[in-house]
Amino acid sequence: MKAITIKQPFASLIAEGYKVYEFRTWKTKYRGEILIHAGKGIDKKAMKRFEYLNLDYPTGKIIAKAKIVDCVEITEEMKEKLKEMDPIVYKGAINHQGEKNEYGFKLEDIEKIDGEEVKGALSLWEYNN
């Protein structure tokens, strides 16, 4: 099954249903089930922003399963939509001033799981349990 490694706190935000778009500088044609792997990397600034949620932030393990159902370019119109959905969760996508195109992988059917510890990888990668 395909997997994607995501820094904390963003992996836990997905697992708990707060975040339904994952952002990358590359697009994907892949649609289907994917495992959410909480990487060892932590965004300390973002962790402070989400302290109030009192979530667990495991690292180095699979923490959720979801489906990628779409991949959208993050245009100004999409930034407005994200702002309406949740300006705190999507702050990085809304305020991004970079020149690179960014894409949002739309996730549905998110299910939190207690998966095993595993080393992550870049891009979409194959997990064989």
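The structure is a predicted model, in which local features require pLDDT of at least 70 and side-chain atom pairs count only at pLDDT 80 or more, whereas totals for chains, interfaces and linings use all residues. Residues are numbered from 1 along each chain as its sequence is written, and side-chain values rest on heavy atoms, with hydrogens and water left out.

The protein chain contains four helices and six strands, where helices (H or I, at least four residues) and strands (E, at least two) are DSSP runs numbered from the N terminus. Along the sequence these elements are arranged in the pattern β-α-β-β-α-β-α-α-β-β. The radius of gyration of the protein chain is 14 Å, close to the 14 Å given by the globule rule for 129 residues, so the chain is as compact as a globular protein of that length. Here the radius is taken over C-alpha atoms, and the rule is 2.2 Å times the number of residues to the power 0.38. The C-alpha trace spans about 40 × 35 × 25 Å along its principal axes.

Of the 129 residues, 43% count as buried; buried denotes under 20% relative accessible area, exposed over 50%, and partly exposed the range in between (1.4 Å probe, protein chains only). Among contacts with a separation of 6 or more, 85% are accounted for by residues 24 or more positions apart, a contact being heavy atoms within 4.5 Å. The protein chain exposes about 7,700 Å², of which carbon and sulfur atoms supply 47%; accessible areas come from the Shrake-Rupley method with a 1.4 Å probe, and for residues only the protein chains shown count as cover. The mean positions of the 23 positive and 22 negative charges are 4 Å apart. Lys and Arg are counted as positive and Asp and Glu as negative, without His and the chain ends, and each charge is placed at NZ of Lys, CZ of Arg, CG of Asp or CD of Glu.

Turning to the backbone, the peptide bond from Gln-8 to Pro-9 is cis, with omega near 10°. Pro-9 is placed in the loop between strand 1 (2–8) and helix 1 (10–15). Asn-54, a residue other than glycine, has a positive phi near 50°. Asn-54 is located in the loop between helix 2 (44–49) and strand 4 (61–73) and is exposed, with a relative accessible area of 69%. Asp-109 likewise is not a glycine, yet has a positive phi of about 50°. Asp-109 belongs to strand 5 (residues 103–112) and, at 53% relative accessibility, counts as exposed.
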